[in-house]
Amino acid sequence: MGPLLYTVYTADVPQSDTTILSTFADDTAIFTTHPDSTLASANLQDHLRTVENWTRNWRLKINETKSSHIMFTTRRGHCPPMYINQTVIPQYFGLNFDKRLTRKNHVATKRKQLDLKTREIYWLIGKHSHLSLENKLLMNKTVLKPVWTYGIELWECATKSNIAVIQRYQSKLLRSITNAPWYVSNQTLHSDLHIPHVRTVFRERTATHRTALDSHPNPLVEPLVHPPNTRCLKRRWTFDEIH
């Protein structure tokens, strides 16, 4: 009864003529569009203030630390910050985009995050650690791999050189984990440890993502699976990699 009662309790959440409100369980998203980023931000902020007052009246708590603000635009300029309960909403969503929707910036950001994460747990997975190989690989799977696989289904425009950045990191990590000598090839490490290459993970996750979209009832998903012939960015599409 919990989800049903929560839905009834929050059914009167305020809406606005200048924004679109979308809810799923206890997650809420507010969308708006405008040629002027300042006015778009103002519309969002006005709606957020209304929601703030509503949550106070109904004694609901908004988790500001888990909220995020993202803007999509091809124009230059600064996007004003958004606030919830006088707290700035971070402009971060796990993925990094540029005006051509390539993954160069995203891969570079993930590479830095991997370095930071690796340094934090190197005393556990490094070559001098006494932790078993099985547990080292488990640490890699649960701590490090999620960093670079987040959103990998959408690496449609990622070049081979960008994917190779993550692959070099993974090969170097496996060599450190196993303390393998120089004459052991990267292919042997991946094969013996049953660790798939980055491109293999990309293709498998993309295939799973497409299968889910094929069976999705929302008609708006159709252009994602069967894109138009006119492509403004590159000739390759998200699902081209799985063919």
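**Note on ring pairs, a surface patch and salt bridges**

1. R56 and E52 share helix 2, where four residues, or about one turn of the helix, separate them. In this predicted model, the two side chains form a salt bridge whose closest N and O atoms are 3.6 Å apart. E52 has a relative accessibility of 10% and therefore counts as buried, the cut-off for that class being under 20%.

2. D115, at 30% relative accessibility, counts as partly exposed.

3. In helix 7 (residues 198–214), D214 and R210 are separated by about one helical turn, because they stand four residues apart. The salt bridge between their side chains is given at 4.0 Å, N to O, and a reader may wish to note that the criterion is a nitrogen within 4 Å of a carboxyl oxygen. The two partners fall into separate accessibility classes, since D214, at 48%, counts as partly exposed, whereas R210, at 17%, counts as buried.

4. Turning to the aromatic residues, the count comes to two aromatic pairs. In one of them, the rings of Y9 and W58 have centres 5.5 Å apart and planes at 80 degrees, so the pair is classed as edge-to-face, the cut-off for that class being over 60 degrees. This pair links distant parts of the chain, with Y9 in helix 1 (residues 2–9) and W58, 49 residues away, in the loop between helix 2 (37–57) and strand 3 (83–84). Y9 is partly exposed at 37% relative accessible area, and W58 also counts as partly exposed, with a relative accessibility of 37%.

5. The rings of W182 and Y183 likewise form an edge-to-face pair, because their planes stand at 85 degrees, with the ring centres 5.7 Å apart. W182 counts as exposed at 78% relative accessibility, and Y183 counts as exposed at 59%.

6. Finally, M1, L4, L5 and V8 make a nonpolar surface patch of about 460 Å². Of these residues, L4 is found in helix 1, the helix that also holds Y9 of the ring pair with W58.

Conventions: Residues are numbered from 1 along each chain as its sequence is written. This is a predicted model: local features need pLDDT of at least 70, side-chain atom pairs count only at pLDDT 80 or more; totals for chains, interfaces and linings use all residues. Side-chain values use heavy atoms; hydrogens and water are left out. Rings of Phe, Tyr and Trp (its six-membered ring) pair if their centres lie within 6.5 Å; planes under 30 degrees apart count as stacked, over 60 as edge-to-face and the rest as tilted. Helices (H or I, at least four residues) and strands (E, at least two) are DSSP runs, numbered from the N terminus. Buried means under 20% relative accessible area, exposed over 50%, partly exposed in between (1.4 Å probe, protein chains only). Patches are made of residues with over 30% relative accessible area and no salt bridge: like charges are joined within 9 Å, nonpolar side chains (Val, Leu, Ile, Met, Phe, Trp, Tyr) within 5 Å. Accessible areas come from the Shrake-Rupley method with a 1.4 Å probe; for residues, only the protein chains shown count as cover.
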